[in-house]
Amino acid sequence: MDIRERVAKAHRVVVKIGSALLTNDGQGLDVARIGLWVAQIAELRAQGKEVVLVSSGSIAAGMKRLGFSSRPTQVNELQAAAAVGQMELVGVYESHFERHDLCTAQILLTHDDLSNRRRYLNARSSLRTLLNLGVVPIVNENDTVVTDEIRFGDNDTLGALVANLVEADVLIILTDQLGLFDKNPRDYADAKLLPHVSASDNRLEAMASGRAGALGSGGMLTKIRAARLAARSGADTLIASGREESVIVRAASGEVIGTWLEPDHGRQAARKLWLAGHLKSRGSLVLDAGAVKALRKEGTSLLAVGVKDAEGSFSRGDMVLCVDEQGVVVARGLVNYSVAETLKLLGRSSSEIGAILGYEGEPELVHRDNLVIV
Ligand SMILES: Nc1ncnc2c1ncn2[C@@H]1O[C@H](COP(=O)(O)OP(=O)(O)O)[C@@H](O)[C@H]1O
Ligand SMILES: N[C@@H](CCC(=O)OP(=O)(O)O)C(=O)O
C-alpha cells in the first residue's frame, strides 16, 4: 500500500515535539506555537484518531525560570531545571487543551520503567486506558529521578518506545529543521532534503551528524534510530519542521512534508518489542560464524557451543549484546547464566552444562523468545 493511503488510515499517532522547537531557541516556552500544535491535535481527535504527545522542554523551560544561561551539565542541576520546567510545560498544555474540551494526563517515564517487564506492562495498560477514555497523554522522561545509567537522554528514543508501547501507526517527530537532509543543513548550505527513505537504510547514519542544536540532545542520529525502533512495531515515522503550517494535520493525512522513514519489515510480536526497547546492556557474548548464521537465518536460540567469549558483569536475566568476531552487534537478548558461568560453558555442548556447573540449568544461553535480531 502507498504510504499516503497507509498513513491516512492511521488510527493511533504519537507526536514528539523537541526542545529546540518548543522553546524557540532558548526564549522560554513558545506558548503561542504550542497553542497551534494543540489545535491540530484536537483536530486529529475530532477525526477519531488517538494521539499521544511526547513533549520535551522541561529542562529548557526550567533553565529560563532559574536564570541559567546555558544547559547545565551537572545531573543535579538538570534534575532541578526539569522539576521546575515540567510544571510550566504541563500547565501550558493543559490550558490549551482545555479550550478544546480535551483532557490531558501527565506520564513521566524512565528507561528502567520500560526495561522492567512488569512496569512496562503497567505503563502500556495505563496509556491504553487513557486513550480509550479519550484523554491525550503527555509523556516526558522523568528527568528528576534519572541518572546517566538509566536515562534515555533524548526524547526521540522515548517517542519511539511509546509508539511501540501503544502500537501506534505513525510517529511524527517535530523539530527545527524541514526534515532529514543528506548532510547537516546547519553546516552545509547545499544540503538536500530527503522526502522518503527506508528506516533500515544503513547509509542514513553517515548523513546525520550527532551534533544537536544548543537545546536539543540527540540531533538527527537519534531520530533515525527512533524511526528504526518505531518500524519494529510497523509504524511509519515522519521527521518534519514544527514551524510548517498545520504540520501535524497534514502529516497525519500522509502528505510528504519532511522526511518519511518507512518500515521495510512486518510488525514484531509484543514481547520482542519490549526486548528491542531494552537499550542498556550489561555485557556481550562473542559468537562464531555458525552461531551468527543460525541466529540470523534460522531464528534459533543461542547455545554455548557457538560462543567464543563473554565480557561484562552480567547476571542471569540481564540484557547482553551478541556480537560477531568483528564486534558487529547481531542480536540482543536476556541471558540465562551469569558471566562467570558463561565463561565456563564457552564452546561446550548443552548436555555438559550439568556436569560443568553442578546443576541442570536451561540448555540455551539465550532462548530465542528472549532474543531480538538487530
Ligand atoms: N542530516 C541532517 N539533517 C537535518 N538536521 C541535521 C542533520 N544532521 C544533524 N542535524 C541537526 O539536528 C538538529 C535537530 O536535532 P535536535 O537539536 O536534537 O532537535 P530536537 O530538540 O528537535 O530533538 C538540527 O537542528 C540539525 O542541526
Ligand atoms: N526530557 C528532556 C528532553 C530531552 C531533550 O532535549 O530531548 P530532545 O527534544 O529529543 O532533544 C526535557 O524535557 O527537557
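Me: Two strands count as paired if DSSP finds at least two bridges between them; in which sense do S7 and S8 pair?

Reply: This is a predicted model, where local features need pLDDT of at least 70, side-chain atom pairs count only at pLDDT 80 or more, and totals for chains, interfaces and linings use all residues. Residues are numbered from 1 along each chain as its sequence is written, with chains lettered from A and ligands numbered from 1 in the order written. Strands (E, at least two residues) and helices (H or I, at least four) are DSSP runs numbered from the N terminus. Leu 238 has Trp 260 in S8 as its bridge partner, and the sense in which S7 and S8 pair, over 3 bridges, is antiparallel.

Me: How far apart do the C-alpha centres of domain 1 and domain 2 lie?

Reply: The protein chain is divided into domain 1, covering residues 3–273, and domain 2, covering residues 281–373, with bounds that come from an automatic or database assignment. Between the C-alpha centres of these two domains the separation is 35 Å.

Me: In S8, what is the bridge partner of Ser 198?

Reply: The strands S6 and S8 (residues 259–262) pair in the parallel sense, whereas S7 and S8 pair in the antiparallel sense. The pairing of S6 with S8 extends over 3 bridges, and the bridge partner of Ser 198 in S8 is Glu 262.

Me: How far apart are the axes of H4 and H5?

Reply: Helix H4 (residues 58–66) and helix H5 (residues 75–99) pack at an angle of about 100°. Their contact includes Ile 59, Met 63 and Leu 66 of H4, together with Leu 78, Val 84 and Leu 89 among the residues of H5. At this packing the axes of the two helices are apart by 6 Å.

Me: At roughly what angle do the axes of H8 and H10 cross?

Reply: The axes of helix H8 (residues 155–165) and helix H10 (residues 219–232) come within 8 Å. Among the residues that make the contact are Asp 156, Leu 161 and Asn 164 of H8, as well as Lys 223, Arg 225 and Leu 229 of H10. The crossing angle of these axes is roughly 10°.

Me: Where is the place of Ser 56, one of the residues under the UniProt annotation "binding site"?

Reply: The annotation, from an unreviewed entry, covers Ser 56, Asp 143 and Asn 155; UniProt positions follow the numbering used here, feature names are shortened, and annotations may be inferred rather than shown by experiment. These residues span 100 residues in sequence, yet no two of their C-alpha atoms are more than 10.9 Å apart, so they gather at one spot. Ser 56 itself has its place in the loop between S2 and H4.

Me: Which strands stand at the edges of the open sheet of 5 strands?

Reply: The order is S10-S9-S11-S12-S13, with mixed pairing, and the twist averages 20° from one strand to the next. Strand S9 (residues 283–287) pairs with S10 in the antiparallel sense over 5 bridges, and Ser 284 has Glu 311 in S10 as its bridge partner. Each edge strand has a single partner strand, so one side of each is left without a neighbour in the sheet, and the two are S10 (307–312) and S13 (371–373).

Me: At about what angle to S12 does helix H13 run?

Reply: UniProt, in an unreviewed entry, places the feature "domain: PUA" at residues 283–366, a stretch that is 26% helix and 26% strand, with its end C-alpha atoms 13 Å apart. Helix H13 (residues 289–298) lies across S9, S10, strand S11 (319–323), strand S12 (329–334) and S13, and its angle to S12 is about 75°.

Note on methods. Two strands pair if DSSP finds at least two bridges between them. Axes are lines fitted to C-alpha atoms, for helices over the stretch in contact, and angles run from 0 to 180 degrees between N-to-C directions. Two residues are in contact if their C-beta atoms, placed from the backbone, lie within 7 Å.
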